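Hi everyone, thanks for making time for this one. Let me put the structure up, and then we can walk through it together.

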Amino acid sequence: MADEMRKYALDVIERVMKEHAYAAILMRNSPIERAHMPFVSELVYTTLRNMTLLEEQWKPFVHGRIRPRTRYLLDMSACELFFMEKVPAYAVFSTSVELCSRHEKGFVNAVLHQMEKRGLVKSSDPAVNTSHPEWLYRMWKAHYGEETAGKIMQADQMPARVYGRINTLKTDRKTLEEAGAVFVNDISFTMKDNPLVHPLFQQGCYVIQDIHAAQAAVLLDVKPGMRVLDACAAPGTKSQEIAMFMHNEGELVSGELYESRARLIEELMERTGVAVCTVQVKDASIKDQYEEGGFERILLDVPCSGLGDLKHKPEIRWHETPEDLDAIVKVQKNILEANAPYLKAGGIMVYSTCTLNRKENEGQVQAFLKTHPEYELRQERTYFPYEDEGDGFYAAKLQKHE
């Protein structure tokens, strides 16, 4: 079973790196027994989260090129040796040798023994120690300063805290507290036990939503009876939150580009008791899809580079490039331009992302305001992943003049 678990973990890591896949999606229908998945998941995510530092452990003992799969095997083996407790070295050696090709067995065995003998070696480069691409570290230093950049990277290395967010359409705070919820603000809470398996979750009494992401709908300041647009709505947690603040009174339109993800929104609305939401399959970057001035509130939680979400998705740091960031900025600009006319005079539009990149955040908003004098910035904030153990997130509250 140990060989099977490690082979599966290696397969996942290889696909994540080669195919730009996401580990959580790949492991969703795992053939590994449920009881063994916590170990597999820890091995996969700890390897992905520490890949640069792990490579530093074996590189001095490798001369010449090696196959990508062998590289990932050495990363994973170094992870077990130095980052995972209760895994004896002999188990790492024997399993790793079994997982490599016949002509590589002696080579892999020798490298692993040399690594173990030397012990874990850290680097003087904080980007290496926290396994972030150098370009990303340089960007964060330029945007937020060296100290904040370092704190972001350290926070990214910690396992993500799971937050629940109350659904007052179906329950109240007292009920959740009696079930073990510990509220950290008016709507968000943590639980000692896994909140995903609690009956109240299955009944739609709360959703899983990051504490910082939940602030976008708070900023929107919706009231019962309003007409609201959530233009980029999947997976639907912010739409659900908006409907909750509307007290299920008014009209909420939730747009989503892909039909399969639109169905996920509909399922969430049904499970959580939302009666005012209409889900529409639409491309938010296309103009003239709704009437001008037709909405009192608009949420634009736009597609982004996801650099604030490296706790949950450590592989993003290996997927994204500076060129990808420039491309997504254009998409965000188009979405802002397309949806701005739909807001009623005096209304509020919230622009938000789950990334830490001033070009996608403050820069995007400032560029929009220069060409739209009818809008005014009322409030903006960057939430960092070392605050409240939440994700990195940005939100700006814009108001259209009367």
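Before the strands, a word on terms: two strands count as paired if DSSP finds at least two bridges between them. Helices (H or I, at least four residues) and strands (E, at least two) are DSSP runs, numbered from the N terminus. Please keep in mind that this is a predicted model, where local features need pLDDT of at least 70, side-chain atom pairs count only at pLDDT 80 or more, and totals for chains, interfaces and linings use all residues. Residues are numbered from 1 along each chain as its sequence is written, and side-chain values use heavy atoms, with hydrogens and water left out.

Let's start with strand β11, residues 393-400. Which strands pair with β11? Strand β9 (residues 343-353) does, antiparallel, over six bridges, and within that pairing Ser352 sits opposite Ala395. Strand β10 (residues 375-383) pairs with β11 too, antiparallel over eight bridges, with Tyr383 opposite Phe393. Buried here means under 20% relative accessible area, exposed means over 50%, and partly exposed is in between (1.4 Å probe, protein chains only). Seven of the eight residues of β11 are buried, so the strand is largely enclosed by the rest of the structure.

In the loop between β10 and β11 you'll find Glu389. Its phi is near 55°, a positive value in a residue other than glycine, and at a relative accessible area of 42% Glu389 is partly exposed. His20, in the loop between α1 (2-19) and α2 (23-26), also has a positive phi, of about 55°. With 45% relative accessibility, His20 counts as partly exposed. For background, most residues other than glycine have a negative phi, and most peptide bonds are trans. Pro235 belongs to the loop between β5 (227-230) and α14.

Four strands form an open sheet in the order β2-β3-β1-β4, with antiparallel pairing. The edges are β2 (181-183) and β4 (206-208), each pairing on one side only. For angles, axes are lines fitted to C-alpha atoms, for helices over the stretch in contact, and values run from 0 to 180 degrees between N-to-C directions. The twist averages 40° from one strand to the next. Helix α14 (residues 237-245) packs on this sheet, touching β1 (164-166) and β4, and its direction makes about 25° with that of β1. Contact, by the way, means heavy atoms within 4.5 Å.

Now the helices. How do α3 (residues 37-49) and α5 (residues 68-83) cross? Their axes come within 9 Å and cross at roughly 105°. Since 65 to 115 degrees counts as roughly perpendicular (under 35 is roughly parallel, over 145 roughly antiparallel, the rest oblique), α3 and α5 are roughly perpendicular to each other. Phe39 and Leu43 are among the α3 residues that meet α5, where the partners include Met76 and Phe83.

Finally, the interior. A nonpolar core is a set of buried Ala, Val, Leu, Ile, Met, Phe, Trp, Tyr and Cys residues joined through side-chain atoms within 4.5 Å. The largest one has 41 residues, and Met27, Val40 and Val44 have the most contacts inside it. Helix α1 supplies the largest share of this core, eight residues. Apart from it lies another core, of 29 residues, including Met226 and Phe393.
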